[in-house]
Amino acid sequence: MNYIAPFFTLFSTLILLLSISPILSICDKNNHKGWRTIAVFLIFFIFGSVTYTILLLLLPFSPLELFIAPIFAIGSLFTLLVIHLSLKSIHQYQITAINERFNAQHDALTGLKNRQFMWQNLKLKTQNKQHFALMLIDLDNFKQVNDAFGHLAGDALLKAMATRIQAIFKKKNTINNSVELIRLGGDEFAIILDYTKKSEVTDCIQLLQNILKKPFFIRGTMVHIQMSIGISCYPEHSCSITELIKSADAAMYKAKKQASGFCFYSIEYERSSIQHIQLNDKIRNALAKNEFSLHYQPIFENDGRTVYSLEALIRWQQQDGSYTSPSLFIPVAEKAGLISSITQWVIHAAFTQLEIWQDLGHYRHLQINLSACDLQNDGIVDYLKEQLDTFNINPNQVILEITESAMIADITLAKNALRKLYALGITLSVDDFGSGYTSLTMLSDMPIKQIKIDAQYVIEMSRKNNNFAIISSIAFLANSIGAKVVIEGIENQKVLTKVSTLETALLQGHFLSHPMKAEQLEPMFSSTIKIMSLQP
């Protein structure tokens, strides 16, 4: 009985000794004063337990010791358990914190650094006055991959792209300076490259372009990807992080627009952006004040005299009498989300004029251009139906022109929109055919009844012998799928004589007739030029 109590206290001492290592680990991981205080108390408890054990062995036995000694043992077990669980919790918390820090600065899909890391890295470099180039990268045809193969395939492509770039950067003697690859989101990437001379930046760009020479394989299909790169340099272009990003972004869009692959920032891009903002406001005011007007360019039958239809073309006359080109303000309107309003204005104005001509007994086809944005929702379908009913116009009179690039921007949406428009009884035309990647096989799956061959084929016909053969082939194949062909860009008698040999082709060009105001066209209706009657 004399040794039972000392056994419990000796056991509690050993347990307390086992608590020293974890409490010291906690103090090392968490420098809080409370844990250091607990460590000191633990040492006192150990000394107290040893002292009490010695006293129990030296002093006469007391039955009270059999009650107190087990309490010491239980207390020491409790202490060890609390300290051990605390250490485990702190360890798990640190792992969670590390993972959160990693996730906060890394992209979940590719594992690359993300936008937050880019800001911190750029801030550090600007503070250290380190020269660097910021490259913003956008994949040019990535949306088509998503549309054709699905988003999972698109994600796989992004990971494969990231892997390729990382692999080339890790190779020796490729990039000697510090370089960071970052994914900003979607198909946008960024590269931060330290440099001492500009040639190092162009060498890096060359590496990136070489990476894309080898195609990617998606579900057994070989896919070629192109990228547009915009570059801004610190401190050459700006010392502000915000301005550097904006400058690189402006250069990237310039590279995309020019299809040049890459572009270094220039102050001219900023001026251009300011001009776009100013033009944006002017377009809004022009819509509000009804400053736009329509001119009409005839499209002729093969004889070059019989008018088949009239194409409505928007014009914007300024106070000084000059005209702002649609090629300038239409892209700005598309970016600003104003193009749908412009299209609706054109439809309303064209239908108003068509009704006037109908009241005068002149029936004709009218061709109106749609933009890619007009095919993105059903708004244009509902508006056309409303306007057809309002003006009591036969849908067979209306021909809507959609550019080839607008159709392939999102083939699924385009097909749905075109079928709904066709259901209204409207004739659909593909404009600028041959400028992109649309095939006649693809068009045969759509309700297309007219094809306008890209004018560039006609313009370059005199120096490219194969162009007429291409035009002839397109005309033959188009007729085989029940579509009429319009050859535009006829600028001289030689070209007119040549294309007139295509008996079923419709003809358009400045040599035949310039775009004219409605009142200038009306004398033609009573002249020797025959206006084709509406075919039901």
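Strand E2 (residues 179-185) and strand E3 (residues 188-194) pair in the antiparallel sense, joined over six bridges, in a model that is predicted. Within this pairing, Val179 has Leu193 of E3 as its bridge partner. Two residues lie between the strands of the hairpin, and Gly186 takes a positive phi near 60° there. Strand E2 is mostly covered, since five of its seven residues are buried.

The buried residues of H3 are Trp35, Ala39, Leu42, Ile46, Ser49, Tyr52, Thr53 and Leu56. An α-helix has 3.6 residues a turn, so residues three or four places apart point the same way. The cover over the buried residues of H3 includes helix H1 (4-18), helix H2 (20-29) and helix H4 (65-105).

Helix H2 contains Ile26, a residue that counts as buried because its relative accessibility is 0%. Apart from neighbours within four places in sequence, Ile26 is in contact with Trp35, Ile83, Ser86, Leu87 and Ile90. Trp35 is itself one of the buried residues of H3.

## Helix H12

Buried residues in H12 are Ile339, Ile342, Thr343, Trp345, Val346, Ile347, Ala350, Phe351, Gln353, Leu354, Trp357 and Gln358. Just after this helix, Gly361 takes a positive phi of about 90°.

## Aromatic rings and charges

Eight aromatic pairs are found in the structure. One of them is formed by Phe132 and Tyr234, whose rings are stacked, with 5.3 Å from centre to centre and 15° between the planes. Phe132 belongs to strand E1 (residues 132-139) and Tyr234 to strand E6 (residues 227-234), so the pair ties together parts that are 102 residues apart in sequence. Phe132 and Tyr234 are both buried.

A single aromatic cluster is formed by Phe292, Trp316, Phe329 and Trp345, and Trp345 is among the buried residues of helix H12. The charged end of Arg164 sits over the ring of Phe216, at 3.8 Å from its centre, while the charged end of Lys498 sits over the ring of Phe468, at 4.7 Å from its centre.

## Cysteines

A disulfide is a covalent bond between the sulfur atoms of two cysteines. The number of disulfides in the model comes to zero, with a pair of sulfur atoms counted if they are within 2.5 Å. Cys263 is in no disulfide, and the nearest cysteine sulfur to that of Cys263, belonging to Cys233, is 12 Å away. Cys263 is buried, with a relative accessible area of 7%, and Cys27 is likewise buried, with a relative accessible area of 15%.

## Backbone exceptions

Most residues other than glycine have a negative phi, and most peptide bonds are trans. Against that background, the peptide bond from Tyr234 to Pro235 is cis, with omega near 0°. Tyr234 lies in strand E6, whereas Pro235 is found in the loop between E6 and helix H9 (241-258).

Asn392 is not a glycine, yet Asn392 has a positive phi of about 55°. The residue is found in the loop between helix H13 (379-391) and strand E11 (398-403), and Asn392 counts as exposed because its relative accessibility is 64%. Asp432, another residue other than glycine, also has a positive phi, near 55°. Its place is in strand E12 (residues 427-433), and Asp432 is partly exposed, with a relative accessible area of 25%.

Technical notes
Residues are numbered from 1 along each chain as its sequence is written. This is a predicted model: local features need pLDDT of at least 70, side-chain atom pairs count only at pLDDT 80 or more; totals for chains, interfaces and linings use all residues. Side-chain values use heavy atoms; hydrogens and water are left out. Rings of Phe, Tyr and Trp (its six-membered ring) pair if their centres lie within 6.5 Å; planes under 30 degrees apart count as stacked, over 60 as edge-to-face and the rest as tilted. Helices (H or I, at least four residues) and strands (E, at least two) are DSSP runs, numbered from the N terminus. Buried means under 20% relative accessible area, exposed over 50%, partly exposed in between (1.4 Å probe, protein chains only). A charge sits over a ring if NZ of Lys or CZ of Arg is within 6 Å of the ring centre and within 35 degrees of the ring normal. Contact means heavy atoms within 4.5 Å. Two strands pair if DSSP finds at least two bridges between them.
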